[in-house]
Amino acid sequence: MSQQVRLNARPGQTVRFPNECASCGREASERMPAEKRAGQTTRRVDVPICADCGRILARRSGEEERRLRLGRVLAGAAGLLAGGLVTLIAPGGWPLRLVLGVVVAAVAGLLVWRWAEARAERAALPEKQAVRESARLVDFSWRGLTLEFARDGFAERVRELNADLLPEQGTEPLPDPPPPGEGTRAATAEG
Ligand SMILES: [Zn+2]
């Protein structure tokens, strides 16, 4: 059964891990990013994994490949269309309109690409999803984060290695993530 660990680790503060794979327990040689986005803020913790699980992570299913290929085409098309349209209808001289067009094209392309990536991720091989779900960042705020580990004993060792970051017994639970503006400010101030 998966276990959660809550740590008072602020943005930029290091979380220590045992030198073993979060997924299978063998000696770790690589890192897997555990990420979570809330509004404009993204928090990332790198979790140790072994070479074999690293290879599983790098492997893509046929459906994943297909969705990523389609995503590239759609992102390009969305960028061209949105950028072209803005360049044509925006007021002002050509230089300004071109700059606006490029910016809008980049944003539109990026949004579509993010959507395509998330869609491809859902088509990942089961063993890849298992590795990914062995360590997840489930929640964070400006003053702490919650990690979840699927393998027995791993959460316990993380707790031992980060004893100085454990919340005091009986304190209130982690508050909701702050509104995007506040979170970003906290991240730049401390990170
Ligand atoms: Zn492994």
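Which residue in S5 is the bridge partner of Arg6? The partner is Thr146.

## The model

This is a predicted model, in which local features need pLDDT of at least 70, side-chain atom pairs count only at pLDDT 80 or more, and totals for chains, interfaces and linings use all residues. Residues are numbered from 1 along each chain as its sequence is written.

Helices (H or I, at least four residues) and strands (E, at least two) are DSSP runs, numbered from the N terminus.

## The three-stranded sheet

Three strands form an open sheet, in the order S1-S5-S4. The pairing is antiparallel. Two strands pair if DSSP finds at least two bridges between them. Strand S1 (3–7) and strand S4 (135–141) are the edge strands, and each pairs on one side only. On average, neighbouring strands of this sheet are turned by 20° against each other, direction ignored.

Now take the pairs. S1 and strand S5 (residues 144–149) run antiparallel and are joined by five bridges. S4 and S5 also pair in the antiparallel sense, over six bridges. There, Leu137 stands opposite Leu147 in S5. A hairpin through two residues joins S4 to S5. In a regular strand the side chains alternate between the two faces of the sheet.

Is S4 enclosed or open? Six of its seven residues are buried, so S4 is largely enclosed by the rest of the structure. A residue is buried if 20 or more other C-beta atoms lie within 10 Å of its own, exposed if 12 or fewer, and partly exposed in between; C-beta atoms are placed from the backbone.

Gly12 lies in the loop between S1 and strand S2 (30–38). Gly12 counts as exposed because it has 10 C-beta neighbours inside 10 Å. The C-alpha atoms of Gly12 and Arg43 are separated by 9.4 Å, and the two residues are 31 residues apart along the chain.

## Two crossing helices

The axes of helix H1 (residues 51–58) and helix H4 (residues 126–133) come within 8 Å and cross at roughly 120°. Axes are lines fitted to C-alpha atoms, for helices over the stretch in contact, and angles run from 0 to 180 degrees between N-to-C directions.

Which residues make the contact? H1 brings Cys53, Ile56 and Leu57, while H4 brings Glu127, Lys128 and Val131. Two residues are in contact if their C-beta atoms, placed from the backbone, lie within 7 Å.
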